[in-house]
Amino acid sequence: MVTRCATFDVADGEKPSSCRWCKKEGRMGLTVHDFIDLNRYPIDRPGPGRDAVIADARAAIASVGCAVLKGFVREDSLPAMVAECDRTAQFGHRNFNRTNPYFTAERNDFPASHPLRRFYDRSNAFVPADHFRDGSILRAIYQWPAFAPFIQEALGEQHFYPYADHLADVIVNLADEGAGFPWHFDTNNYTVTLAIQNAEQGGDFEYSPYLRTPTDENYEGVERVLDGDKSLVCNLRLEPGDLQIFKGRYSLHRVTPLSGPVTRYVAIFSYVEEPGMVGSPERTRQLYGRVLPIHLERAGIRSDDLMD
């Protein structure tokens with residue numbers, strides 16, 4: 001007999017470690033410590049090991065705007081995460097439309113070649129954050145007391161807050177054959193992604209580090225990337241279990257189209273530098289198919305004057 005847990009299956013007679021988010025239903029399961037490779041990445045305890053991980057991440061972020069912790073999640077725990085994604089995939093908002101890198105409306109007051117007027121097909125889906133609550137290992141990682149301080153130190157940021165967007169703080173991007181994500185900038189300043197399952201082919205992460213700044217859109221540089229200038233672009237292949245820390249608000253990036261029958265799953269944990277920040281109503285509708293009152297109440301509250 002097997003007992004169904006929110007995170008994994010436990011056969012009778014086994015002694016799984018205590019699972020604080022399953023206790024309400026009298027079930028047992030894995031803890032965050034069972035998922036993260038804390039021998040390789042001892043981020044939960046002070047010492048030279050943690051210091052070295054942070055130093056490596058800071059160096060990578062400073063040079064190319066991106067740090068990757070290979071095998072952050074243990075390989076033997078990935079099936080439980082895939083199962084969570086399989087269960088919640090039905091709630092993904094699938095939207096097939098055309099968007100520019102800023103998720104803004106058409107602007108006829110610019111030349112046709114301007115980045116604000118360059119629209120691309122977008123065909124993937126996001127499972128909103130309100131489907132990752134009690135019983136979610138992804139939510140548990142996001143709320144684990146050791147996780148956010150580590151991310152903050154890796155980024156070297158003095159001001160650091162969890163994203164206040166109730167639809168977008170912990171989400172899963174799912175993409176099937178033919179899907180991908182065209183060139184864009186992120187709304188939130190810091191994005192932390194966890195690769196959970198790859199498609200058979202495609203799904204490479206391409207990005208142009210620090211292409212814009214809080215005070216300069218650098219439309220000329222953006223246009224060069226959109227025109228195919230590879231000299232400004234880095235290519236990255238993330239494998240299941242890899243954690244990526246990325247400054248996506250300033251680095252133009254995309255996910256290349258996928259092929260094969262396997263769905264690509266990537267979890268996204270979001271943080272910002274100002275308290276109370278949420279996505280814009282227009283962008284939220286595009287990504288999640290709905291908005292909450294908080295999106296209308298806080299529209300326009302940003303720490304910079306960038307387009308998105």
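# Close-up views of the predicted model

**Figure 1. Phe205 and Phe246 in the protein interior.** Phe205 and Phe246 are both buried, where buried denotes a relative accessible area under 20%, exposed one over 50%, and partly exposed a value in between (1.4 Å probe, protein chains only). The model is predicted: local features require a pLDDT of at least 70 and side-chain atom pairs count only at pLDDT 80 or more, whereas totals for chains, interfaces and linings use all residues. Residues are numbered from 1 along each chain as its sequence is written, and side-chain values use heavy atoms, with hydrogens and water left out. Across the whole structure, 14 aromatic pairs are found. Phe205 belongs to strand β10 (residues 205-208) and Phe246 to strand β12, so the pair ties together parts that are 41 residues apart in sequence. Rings of Phe, Tyr and Trp (its six-membered ring) count as paired if their centres lie within 6.5 Å; planes under 30 degrees apart are stacked, those over 60 edge-to-face, and the rest tilted. Elsewhere, Tyr41, Phe72, Tyr142, Phe147, Phe160, Phe269 and Tyr271 make up one aromatic cluster.

Figure 2. Helix α2 comprises 17 residues (residues 48-64), which at 1.5 Å a residue should span 24 Å; the end C-alpha atoms are 24 Å apart, in agreement. The expected span is 1.5 Å times one less than the number of residues. Helices (H or I, at least four residues) and strands (E, at least two) are DSSP runs, numbered from the N terminus. Arg50, Val53, Ile54, Ala57 and Ile61 are the buried residues of α2. Viewed down the axis of α2, the buried residues fall within an arc of 95 degrees, so they line one face of the helix; the arc is that of the directions from the helix axis to the C-beta atoms. The face turned away from this buried side carries the exposed residues Pro48, Asp56, Ala62 and Ser63. Packing partners of the buried residues are β3 (66-69), α5 (147-155) and β12 (243-246). Just after α2, Gly65 adopts a positive phi of about 75 degrees.

**Figure 3. The salt bridge between Lys70 and Asp242.** A salt bridge is a side-chain nitrogen of Lys or Arg within 4 Å of a carboxyl oxygen of Asp or Glu, and by this rule the count comes to 17. In the pair formed by Lys70 and Asp242, the closest N and O atoms are 2.5 Å apart. The pair links distant parts of the chain, with Lys70 in the loop between β3 and α3 (78-88) and Asp242 in the loop between β11 (234-236) and β12, 172 residues apart. Lys70 is partly exposed at 34% relative accessibility, whereas Asp242 is buried at 2%.

Figure 4. Between Arg107 and Asp109, the closest N and O atoms of the salt bridge are 3.0 Å apart. Arg107 is partly exposed, with a relative accessible area of 28%, and Asp109 is exposed, with 54%. In the salt bridge of Glu239 with Arg237, the corresponding distance is 3.9 Å. Both partners are partly exposed, Glu239 with a relative accessible area of 36% and Arg237 with 30%.

Figure 5. Most residues other than glycine have a negative phi. Phe103, a residue other than glycine, has a positive phi near 60 degrees. Phe103 lies in the loop between β4 (93-99) and β5 (120-127) and counts as buried at 3% relative accessibility. Asn218 likewise has a positive phi, near 50 degrees. Asn218 is found in the loop between β10 and α6 (219-226) and counts as partly exposed at 26% relative accessibility.

**Figure 6. Overall context and confidence.** The secondary structure comes to eight helices and 14 strands. Of the 308 residues, 54% count as buried. The average pLDDT, the predictor's confidence in each residue from 0 to 100, is 85, and 87% of the residues score at least 70. Over residues 1-28 the pLDDT is below 50, and this stretch has 60 contacts in the model beyond near neighbours in sequence. A contact means heavy atoms within 4.5 Å. Among contacts between residues at least 6 apart in sequence, 81% join residues at least 24 apart.
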